Amino acid sequence: MDVLTAEEMRRAERDAIGSGAVTGLQLMERAGAEVVAAALAEWPALAAGPQRALVLCGPGNNGGDGFVVARLLRDRGWRVAIACSTTPDRLKGDAAAMAERVLSGADDLLPWTAEALSDWIAAGEGPVLVVDALLGIGQTRSADALLAPWLEAAPDVPAGLRRLSVDIPTGYDSDTGARLGEEVFAADLTVTFHREKPVHATLRAAGGHVAVRDIGL
Ligand SMILES: NC(=O)C1=CN([C@@H]2O[C@H](COP(=O)(O)OP(=O)(O)OC[C@H]3O[C@@H](n4cnc5c(N)ncnc54)[C@H](OP(=O)(O)O)[C@@H]3O)[C@@H](O)[C@H]2O)[C@@H](O)CC1
Ligand SMILES: [K+]
């Protein structure tokens, strides 16, 4: 099985977009749809009816995938909260476009604080799917500061969360599988696109599940 570096993955995306076969936004739509499909396949109980999801969106295109996931789950009738590590006006390109499709305004976001995250989870019943769309293959430095609100919230939230990372769990170097700082998002399932990246072997060796989904590249 081919394993791609981040640069090779970016090239595959660039080539597909450059050929005119697909746009970046379409790839992002496909990525979000595949994340939802993979989550429902991994946890069939989630497919039984509308559930709750907390989607954590970062500053880049990984966050853009998160906005797509949020929109698709809302379309299925789920209660979905979105928390963004940056303000929406600082998002760029495809991620900004996706945020615009899902947010009615900055008020539509949960505050990026541990209290807001744990309160939202505690305020409802039933399982919660937590989606890490903070950082993907663009991460090159420690994500400790970025992850702090979630990590502070996590010990206070009930057991039985389903934790899913989009593409790469936040905190890992895609090409080496090493931690970039002290902290990482502990994903039960990581959904990556097109081909595995080196980090995914590390995750599987540690007991994590990895799903590789086709986005038509
Ligand atoms: N159309 C497409 O191309 C498709 C892309 N796809 C998706 O996009 C993902 C790659 O997107 P991406 O390249 O934007 O990288 P991503 O990891 O989201 O963020 C990088 C940003 O974060 C920042 N930053 C970095 N480290 C940081 C840190 N520790 N703490 C804080 N900030 C940090 C850095 O900015 P900086 O601060 O360095 O200026 C930069 O702005 C990929 O994994 C897949 O999910 C799929 O949808 C398929 C179609
Ligand atoms: K991620």
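**View 1. Residue L129 faces R162, which stands opposite in β5.**
The chain passes from β4 to β5 by way of helix α6 (residues 144-153), and this β-α-β crossover is right-handed. Right-handed means that, with the strands pointing away from the viewer, the path from the first strand over the helix to the second runs clockwise. Strands β4 and β5 pair in the parallel sense over four bridges. Two strands count as paired if DSSP finds at least two bridges between them. Helices (H or I, at least four residues) and strands (E, at least two) are DSSP runs, numbered from the N terminus. This is a predicted model, in which local features need pLDDT of at least 70 and side-chain atom pairs count only at pLDDT 80 or more, while totals for chains, interfaces and linings use all residues. Residues are numbered from 1 along each chain as its sequence is written, and chains are lettered from A and ligands numbered from 1 in the order in which they are written.

**View 2. The open sheet has seven strands with parallel pairing.**
The strand order is β3-β2-β1-β4-β5-β6-β7. At the edges are β3 (109-110) and β7 (209-213), each of which pairs on one side only. Helix α2 (residues 24-42) lies across β4 (128-133), β5 (162-166), β6 (189-193) and β7, and runs at about 145 degrees to β6. Helix α3 (residues 61-75) lies across β1, β2, β4 and β5, at about 160 degrees to β1. Axes are lines fitted to C-alpha atoms, for helices over the stretch in contact, and angles run from 0 to 180 degrees between N-to-C directions.

**View 3. Strand β1 (residues 52-57) runs parallel to β2 (residues 79-84).**
Six bridges join β1 to β2. Among the bridge partners in β2, I82 is that of V55 and A83 is that of L56. Between β1 and β2 the chain crosses through α3, and this β-α-β crossover is right-handed. Five of the six residues of β2 are buried, so the strand is mostly covered. A residue is buried if 20 or more other C-beta atoms lie within 10 Å of its own, exposed if 12 or fewer, and partly exposed in between, with C-beta atoms placed from the backbone. Two bridges join β2 to β3, and these two strands run parallel. A83 stands opposite L110 in β3.

**View 4. Strand β4 is largely enclosed by the rest of the structure.**
This is because six of the six residues of β4 are buried. V128, V130 and D132 point one way from the strand, while L129, V131 and A133 point the other way. Six bridges join β4 to β1, and the two run parallel. In β4, A133 is the residue opposite C57.

**View 5. UniProt, in an unreviewed entry, places the feature "binding site" at N62, D132 and T170.**
These residues are spread over 109 residues of sequence but cluster in space, with a largest C-alpha distance of 9.9 Å. UniProt positions are given in the numbering used here, feature names are shortened, and annotations may be inferred rather than shown by experiment. N62 is in helix α3 and counts as buried because it has 25 C-beta neighbours inside 10 Å. Not counting residues up to four places away in sequence, N62 touches A133, L134, L135, G136, G138, V166 and D167. Two residues are in contact if their C-beta atoms, placed from the backbone, lie within 7 Å. D132 is in strand β4 and is buried, with 29 other C-beta atoms within 10 Å. With the exclusion of residues up to four places away in sequence, the contacts of D132 include L56, R163, V166, T170 and F185.

**View 6. The shell around ligand 1 holds 28 residues.**
Of these, G60, N61, N62, G136 and G138 come nearest. A residue is near a molecule or strand if its C-beta atom, placed from the backbone, lies within 6 Å of it. The elements that give two or more residues to the shell around ligand 1 are α2 and α3. Helix α3 gives the most, with five residues.

**View 7. Q51 is in the loop between α2 and β1.**
Q51 is buried, with 23 other C-beta atoms within 10 Å. Residues touching Q51, not counting those up to four places away in sequence, are L46, W78, G126, P127 and L129. Q51 and L73 are 22 residues apart in sequence, and their C-alpha atoms are 8.7 Å apart in space.
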